[in-house]
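Please look through the sequence and the model below before reading on. The paragraphs that follow move from a single position to the whole chain and then back to individual residues.

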Amino acid sequence: MSENKRPDDMQRITTPELARAFIDEQVAAIKAQVGSKKVLLALSGGVDSSVTAALLIKAIGQELVCVHVNHGLLRKGEPEQVVSVFRDELGANLIYVDAVDRFLGKLEGVTDPETKRKIIGAEFIEVFAEEAAKLDGIAYLAQGTIYPDILESDAGTKAHHNVGGLPAKLGFELVEPLKFLFKDEVRVVGRELGLPSGMVDRQPFPGPGLGVRCPGAITRDRLEAVRESDAILREEFKAAGLEGKVWQYFTVVPDFRSTGLKDGKRAFEWLVIIRAVNTRDAMTATVEPLPYDLLAKITDRITSEVPGINRVLYDVTPKPTGTIEYE
Ligand code: XMP
């Protein structure tokens, strides 16, 4: 059997009991693999890295060193949540790196989507490697690889999707406790490990983060508008009972202004596009038919609460022809 093939007889983890058995088995396996050596983990706060961290904390406690890189492209409240859940609640050994200015500096004036992705990916590796070099005695690198990542990389697709995928050149042996799990199983395990539902049931979020929702060259004002409008959208979806029902929803602020009217004066400002889609595998997607009242309420809040925005549009394009993200 290949080291990267899920065993044929592996039971699907669908219940808390099965999750507990998986956790016990992995805790023992991690202890056997790493002994008393130190393990490093890039903790983005996404489902996979969070569940990997919680599992390793259970197995080796302070011997796990988590590094959270804030690249400035995370959603509102995310860096704070990583610190409060992992450092304050779980007592993790967590290094928080504020790399916002560094990333935004490198991205200044860059308009090509793939170049933006490459810069974000390369800079991430650079920052992480610098942090790793400051630490003594690290022998292993933990990664939140899950089974679809292995299947996709075997198929040669989506290589660019794994911004957090760290290269072999770092020279550490890997610890990948979730590598045979599908996403729904990771969520069951995360819940059993006591992670908050806001973390375990999160919608997918691209590695390059809000950077791909700020099409064209990223500017701080548009990035802030994406972050604030996304927070309003998420709040309103939650209030409307749509959280966890719609597969992915977010806002985009393109590099385009239109004339509007605010407080009786002409306002030449940015616009916000709302995207809300459902899909099984992200290869095709349909648009969620949002109620008009909800759209009107979100529009009212965004145009009154987010500086620099005078207009809101709803994108009703399925994939194909539109992709889910804008770049
Ligand atoms: P598209 O836009 O290709 O997106 O229809 C399909 C799914 O993939 C996510 N996505 C990314 N995820 N790095 C990621 O980790 C990326 O560069 C990236 N681009 C798109 C997207 O959010 C959607 O869930």
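Predicted model: local features only at pLDDT ≥ 70, side-chain atom pairs only at ≥ 80, totals over all residues.

Where does Thr321 lie? Thr321 is found in the segment after S10, and Pro320 also lies in the segment after strand S10 (309-314). A cis peptide bond with omega of about -15° joins Lys319 and Pro320, and a cis peptide bond with omega of about 15° joins Pro320 and Thr321. As background, most peptide bonds are trans, and most residues other than glycine have a negative phi.

Residues are numbered from 1 along each chain as its sequence is written, and side-chain values use heavy atoms, with hydrogens and water left out.

The secondary structure of the protein comprises 10 helices and 10 strands, where helices (H or I, at least four residues) and strands (E, at least two) are DSSP runs numbered from the N terminus. Along the principal axes, the C-alpha atoms fill a box of roughly 70 × 40 × 40 Å. Of the 327 residues, 51% count as buried, a term that means under 20% relative accessible area, whereas exposed means over 50% and partly exposed lies in between (1.4 Å probe, protein chains only).

The protein is divided into domain 1 (16-200) and domain 2 (214-314), with bounds that come from an automatic or database domain assignment. The C-alpha centres of domain 1 and domain 2 lie 29 Å apart, and 13 residues of domain 1 are in contact with 12 residues of domain 2, contact meaning heavy atoms within 4.5 Å. Within the protein, residues 24 or more positions apart account for 77% of the contacts with a separation of 6 or more.

Ile30, in helix H1 (residues 16-34), is buried, with a relative accessible area of 2%. Not counting residues up to four places away in sequence, Ile30 touches Gly35, Leu55, Leu56, Ala59, Ile60, Val175 and Pro177; the C-alpha atoms of Ile30 and Leu55, 25 residues apart along the chain, are separated by 9.0 Å. Thr52, in helix H2 (residues 47-60), counts as buried at 0% relative accessibility, and the residues that Thr52 touches include Leu41, Ala142, Pro177 and Leu178.

Gly109, in the loop between helix H4 (100-107) and helix H5 (113-133), is exposed, with a relative accessible area of 56%, and the C-alpha atoms of Gly109 and Gly216, 107 residues apart along the chain, are separated by 8.3 Å. Asp263, in the loop between strand S7 (257-262) and strand S8 (265-278), has a positive phi near 50° although Asp263 is a residue other than glycine, and Asp263 is exposed, with a relative accessible area of 77%. Ala282, which is not a glycine, has a positive phi of about 70°; Ala282 lies in the loop between S8 and strand S9 (286-287) and counts as buried at 17% relative accessibility.
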